[in-house]
Amino acid sequence: MTTETTAPAAAPIGVAREGNWVRRIPWTLIVFLVLATVPWVGSRYDTFLAEQIAIDALFAVSLNLLLGTTGLVSFGHVAYFGVGAYVCGILMKTYEVPFIFAFPAAGLGTALFALVSGYFCVRLIKLYFAMLTLAFSQIVWAVAYKWNDVTGGDQGLPEIPFPDLDWMSAIPGLGDLRTNDQFYLLALAIIAVSLAILHRLVRSPFGRVLTTIRDNPERAAFIGVNVRAYQLAAFVVAGTFAGFAGALYGIFSRGVFADFVFWSKSAEVMIMAILGGMGYFWGPPVGAAVLVWLSQKITAYTEYWPFMLGTILLVLLFALPGGIVGGLAALWNRIQGRRRA
Amino acid sequence: MAASFLFSQVMGGLTTAMFLFLIASGLSLVFGIMRVINFAHGSFYMLGAYLAWQGVQWLHPTGAGFWLATLFAAVTVGVLGAIIERVFFRSLYGREELYQLLFTYALVLILGDAAKFLWGVEQLSVSTPPILSGGIEIFGTTQPLYTLFIIAIGPAIAIAGSLVLSRTGIGRLVRAAQMDREMLDALGANVGAIYTGMFVFASFLAGLSGALVTPIQSIVPGMDVLIIVQAFIVVVIGGMGSFWGTFWGSVIYGEVLSFGILIFPGFSLFSVFALMAVILIVRPWGLFGRPL
């Protein structure tokens with residue numbers, strides 16, 4: 001096997017496609033508006049599922065900024081998710097800091113940790129990068145698991161309070177919702193804004209440079225791009241948004257536990273990104289939705305969910321390397337081609 | 001600190017170390033040649049343990065026939081390795097690392113559940129083979145014979161392995177495959193067969209170490225994931241692909257863990273992870289490895 005870089009089998013991110021009427025509909029907005037109605041039209045369980053999917057979607061998109069856009073295979077992305085969850089959880093539970101301060105603090109803390117760990121990681125190539133990210137995530141796990149006084153050790157931090165949502169009750173129509181549902185709407189709004197920012201970023205000149213680095217780091221360096229600085233910047237941004245996702249997840253699941261940070265979780269979010277299609281911005285959210293939904297459905301019938309997950313992964317690797325969105329896009333292109341012909 | 005206490009601490013570290021060496025050497029061999037971190041290596045180890053238990057049950061439930069069961073376990077895992085390499089892995093060699101990593105991870109998930117399905121979630125255990133069930137007195141401490149056997153078998157395999165690598169024709173081919181696969185292919189060597197052979201040998205070692213661990217540790221689901229992280233650290237410390245590096249990496253890991261518990265209890269786990277991170281930062285190819 002050679003160490004040459006080969007671009008992932010995917011369409012380029014950030015390249016404007018031919019306009020047609022399907023693309024002109026604001027799909028993203030529609031999806032979020034539909035999701036926002038879940039507390040009214042769906043059951044408690046539906047809201048739970050939607051919230052889980054939304055948080056995982058943000059987490060997977062943040063990973064994909066490294067994986068699909070920059071071509072960095074991080075096997076320890078869960079570390080940043082975990083740091084965000086712990087910082088927010090500890091501030092809100094132990095120090096009773098309100099959410100409005102604890103949440104940005106979680107992002108800031110994660111960004112700092114990503115800056116320090118990323119500084120070392122981006123100096124390594126390929127497989128060594130993957131190994132060092134894995135090492136950092138295991139360090140975070142070991143600290144979370146053993147530092148009883150701060151993280152609660154193997155007992156974790158249960159009963160993280162909900163944010164103060166009285167202001168939301170003052171808004172007409174939202175007052176009679178349960179606190180769970182109000183928090184769901186808040187989380188959904190935060191996730192929508194975060195995804196919009198990430199989307200802008202990927203399509204921006206900065207995102208183009210990242211794609212160039214993914215496709216050919218040597219050439220990028222040759223035309224004057226500071227490859228490491230850009231990779232580090234991508235690493236910090238990806239880490240920060242993973243931290244936001246983690247902070248929301250801690251409140252959503254009413255506790256932060258060391259399990260959140262175990263290395264197999266990094267693999268799980270990676271599977272989400274690849275299942276959806278890491279060559280597309282909306283691939284990872286699709287992957288998150290499918291995987292969360294499947295895991296709920298399948299665990300209802302059998303305890304052998306990991307076996308199913310492994311099988312899904314095998315099918316993906318050998319039959320559908322572009323993921324669901326990649327497969328659909330190929331199908332769509334074939335239909336379009338046939339129509340033109 | 002009393003000398004006997006220090007001694008038993010050292011011996012404890014060495015036992016951990018030699019076990020890890022048996023497992024990690026296979027991981028390191030596969031990495032050295034194929035440039036793949038085989039997460040499923042821990043699953044092969046777990047299968048070795050379960051198969052050894054199964055073999056003992058079939059032969060003689062009281063524990064006789066342990067050696068035959070161990071051989072059975074190692075060979076079966078080796079055959080499984082051959083199938084996996086030939087059927088699946090082969091088609092991934094040209095692909096990106098990410099896909100290879102995820103393929104081995106898919107195996108972890110599937111084999112873990114397969115073991116649960118076949119053997120359940122109860123703890124299983126195998127009794128120590130009668131010939132090694134005693135202990136001897138050294139420096140005022142009692143050392144079980146079986147532990148001493150493990151401590152002896154590690155260096156034996158290390159020496160045998162490095163002799164094969166440095167002195168025989170097969171070893172020369174393996175080293176050549178490590179350095180430049182295309183060139184070796186162009187020279188007419190059957191690189192595919194070398195890959196399969198190394199993968200089978202590594203799987204065999206994993207199965208063997210899984211079988212040998214059964215008299216000391218109980219067999220539980222999840223042992224695959226626990227061991228692969230440790231073996232991974234050992235290989236990173238020593239240097240991926242380096243045989244002696246893996247040996248010394250295991251010794252360092254075992255002793256750091258064994259003495260780390262004394263110095264800061266509760267944080268010995270942290271200390272080995274931190275050691276791994278520092279080595280990756282300063283010398284990513286490990287203490288004894290060579291840069292890629």
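Modeller: From the N terminus on, the elements of chain B follow the order α-α-α-α-β-β-α-α-α-α-α-α-α, with eleven helices and two strands in the chain. Helices (H or I, at least four residues) and strands (E, at least two) are DSSP runs, numbered from the N terminus. The radius of gyration of chain B is 19 Å, close to the 19 Å that the globule rule gives for 292 residues, so chain B is as compact as a globular protein of that length. This radius is taken over C-alpha atoms, and the globule rule is 2.2 Å times the number of residues to the power 0.38.

This is a predicted model, in which local features need pLDDT of at least 70 and side-chain atom pairs count only at pLDDT 80 or more, while totals for chains, interfaces and linings use all residues. Residues are numbered from 1 along each chain as its sequence is written, and chains are lettered from A and ligands numbered from 1 in the order in which they are written.

Along the principal axes, the C-alpha atoms of chain B fill a box of roughly 60 × 45 × 35 Å. Of the 292 residues in chain B, 50% are buried. A residue is buried if 20 or more other C-beta atoms lie within 10 Å of its own, exposed if 12 or fewer, and partly exposed in between, with C-beta atoms placed from the backbone. Among contacts in chain B between residues at least 6 apart in sequence, 76% join residues at least 24 apart; two residues are in contact if their C-beta atoms, placed from the backbone, lie within 7 Å.

Two residues illustrate such contacts. G13(B) lies in helix α1 (residues 3–34) of chain B and is buried, because 22 other C-beta atoms lie within 10 Å. Not counting residues up to four places away in sequence, G13(B) touches G254(B), E255(B), L257(B) and S258(B). G13(B) and L257(B) are 244 residues apart in sequence, yet 7.1 Å apart in space, C-alpha to C-alpha.

A211(B) belongs to helix α8 (residues 191–213) of chain B. A211(B) is also buried, because 30 other C-beta atoms lie within 10 Å. Beyond its neighbours within four places in sequence, A211(B) is in contact with residues including G48(B), A52(B), T70(B) and A74(B). From A211(B) to W53(B) the separation is 158 residues in sequence and 7.8 Å in space, C-alpha to C-alpha.

The strands come next. Strand β1 (residues 135–138) and strand β2 (residues 141–144) of chain B run antiparallel and are joined by four bridges; two strands pair if DSSP finds at least two bridges between them. I138(B) stands opposite T141(B) in β2(B). The hairpin of β1(B) and β2(B) has two residues between the strands, and F139(B) takes a positive phi near 45° there.

Finally, chain B meets chain A: 33 residues of chain B are in contact with 33 residues of chain A. On the side of chain B that touches chain A, α4 (97–119), α9 (223–238) and α11 (268–282) of chain B each supply at least two residues. The most comes from α4(B), with 13 residues. This side of chain B divides into 26 nonpolar, two polar and five charged residues. Ala, Val, Leu, Ile, Met, Phe, Trp, Tyr, Cys and Pro count as nonpolar, Asp, Glu, Lys and Arg as charged, and the others, Gly among them, as polar.
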